[in-house]
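Student: I have a chain open on my screen and would like to learn how its labels are decided. Could we go through them together?

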Amino acid sequence: MDELRNGVLILDYGSQYTLLIARRIRELGVYSEIWPCNDERVTTLTADSAKGVILSGGPSSVHIEGAPKLESSVLDLGVPVLGICYGMQAMSHALGGSVESTTSREYGRAEVVVKKPVGLFEGFDASEHTTVWMSHGDSVTKLPEGFERVAETTNGVLAGIANVEKQQFGVQFHPEVSHTVEGARFLENFVFTQCRCDQSWNMRDFVDSAVETIRRQVGDTGQVICGLSGGVDSSVVAALLHRAIGDRLTCVLVDNGLMRHKEVDRVRSIFEGHFGVDLRVVDATEEFLSRLAGVDDPEQKRKIIGEVFIRVFERVAEGIPNAKFLAQGTLYPDVIESVSIRGPSATIKSHHNVGGLPEDLGFDLIEPLRELFKDEVRVLGRALGLPADMVDRHPFPGPGLAVRILGDITKERLDTIRAADHIFIDGLREDGHYHSVWQAFAVLLPVRTVGVMGDQRTYEQVVALRAVTSQDGMTADRAYLPMEFLGKMSDRIINEVPGVNRVVYDVSSKPPATIEWE
């Protein structure tokens, strides 16, 4: 806890955005650490343990039986405390305020009016409006003693409270998400003005600690198998491992038949030309497709894929003495959407490399990126000297095209979506749009529609195109691609991909949708 003495402790109440709070604070050059809200260490905290405490949001209601509570001793530490969304409600409830379900529920963007520029709103003008991101059903309806109303939405819903004397603050919105326009400013006010933290932490510290952690975990004789997909996540993991243990690393690229157009050849040529490590390519196409035949449930798909990956790695490990470690490029969005590891968060979907892993896993996992976001991993990749075409690639899901085919997976449907996706991604590159979006891909829908081709009636498949802008994958907005470009992509896909007669464009944001369709 030495680093935490000049940092901020975050207590996790189950929000999908908890680590995003930590990430934003790290971006300010301040160390942060996340503990579950019910961690037994909470009762041992003192005023010297951290410069401040943040209570995260969460999916619960303070009135539900078993709802996570706020340890009252946290409010008696004498350090600044910030409650975000559920964290504000839990703090208000613990201090004698009232929290109620209201008809004025708010999800998404909202306009907040500053009533009194103190605490997180210090430096704002009274009556100033600012755009924030809301996600709540309950609201604080009676303030605890000593608190005042410092901000509200244009709908009159309480948005910010403060007890300036005790340095206890609450906001109903999420300052950590990019959709909150002044989010960084709010957090700067808390971290620097209230907590008086120093800027003494950077990403280089993470690299050094990750390498040291790997060395301690693997020991002097352990061998590591790294599941390599060719994306930035697994490539950065491989680079960290190579720096930590050298030639005791074996990288395994599994051709599962679910990869993009000529992906295996691309990965082999780039990776073998950059790293001097043992790279083994295993063709397991038939094994994956036979197990996925007839399966249309996305959760089942992910679990099957996760298990088959492990079985392939196990077979490779049989020929490598002491290969008891498996390294993966697991990121925090994978973890938080798959399983609650820090607090009582809701499972959104099981990622193949987290919730999809079999119970009889025969490896010790090495996941050095488990608490990082995609853009942070890209920073690491550049620091480790990885080539730009690795570092700057769009994310690609571990289950591959299996979760971009809604419904049954067949070789024919894979050929269809692979061709459509290749046209879309190539078109983005050719027209200069590739680097202006965070992720883009095609999805094959489980429906057919009537069309006309060559004066003949057709009844064929539908492809959906998806492109989003994002910083971290936890939230995302639709990408506003030119209509002329989308029309050109539609024409090419319909003309060049057999069996497709309709193309649509997905304009959903995350939330309420996810980026991938499954």
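Tutor: Gladly! Let's begin with Phe-313, which lies in helix α8 (residues 298-317). Helices here are DSSP runs of H or I with at least four residues, strands are runs of E with at least two, and both are numbered from the N terminus. This is a predicted model, in which local features need pLDDT of at least 70 and side-chain atom pairs count only at pLDDT 80 or more, while totals for chains, interfaces and linings use all residues. Residues are numbered from 1 along each chain as its sequence is written, and side-chain values use heavy atoms, with hydrogens and water left out.

Student: Why does Phe-313 count as buried?

Tutor: Buried means under 20% relative accessible area, exposed means over 50%, and partly exposed is in between (1.4 Å probe, protein chains only). Phe-313 has 5% relative accessibility, so it counts as buried.

Student: What does Phe-313 touch?

Tutor: A contact means heavy atoms within 4.5 Å. Leaving out residues up to four places away in sequence, Phe-313 touches Ile-225, Gly-227, Val-252, Val-254, Leu-326 and Phe-363.

Student: How do you know whether Ala-239 is buried or exposed?

Tutor: Use the cut-off again: Ala-239 is at 8% relative accessibility, so it counts as buried. Ala-239 sits in helix α5 (residues 232-245). Not counting residues up to four places away in sequence, Ala-239 touches Phe-275, Leu-384 and Leu-386.

Student: How many disulfides does the rule give?

Tutor: A disulfide is a covalent bond between the sulfur atoms of two cysteines. The rule asks for a pair of cysteine sulfur atoms within 2.5 Å, and by this rule the count is zero. For Cys-85, the nearest cysteine sulfur is that of Cys-37, 14 Å away, and Cys-85 is in no disulfide.

Student: What makes the phi of Cys-85 worth a look?

Tutor: Most residues other than glycine have a negative phi, and most peptide bonds are trans. Cys-85 is not a glycine, yet its phi is positive, about 55°. Cys-85 lies in the loop between β4 (81-84) and α2 (86-94), and at 4% relative accessibility it counts as buried. Asp-455 also has a positive phi, of about 65°, although it is not a glycine. Asp-455 is in the loop between β15 (439-453) and β16 (456-469), and its 76% relative accessibility makes it exposed.

Student: What share of the residues is buried?

Tutor: Buried residues make up 59% of the 518 residues in the chain.
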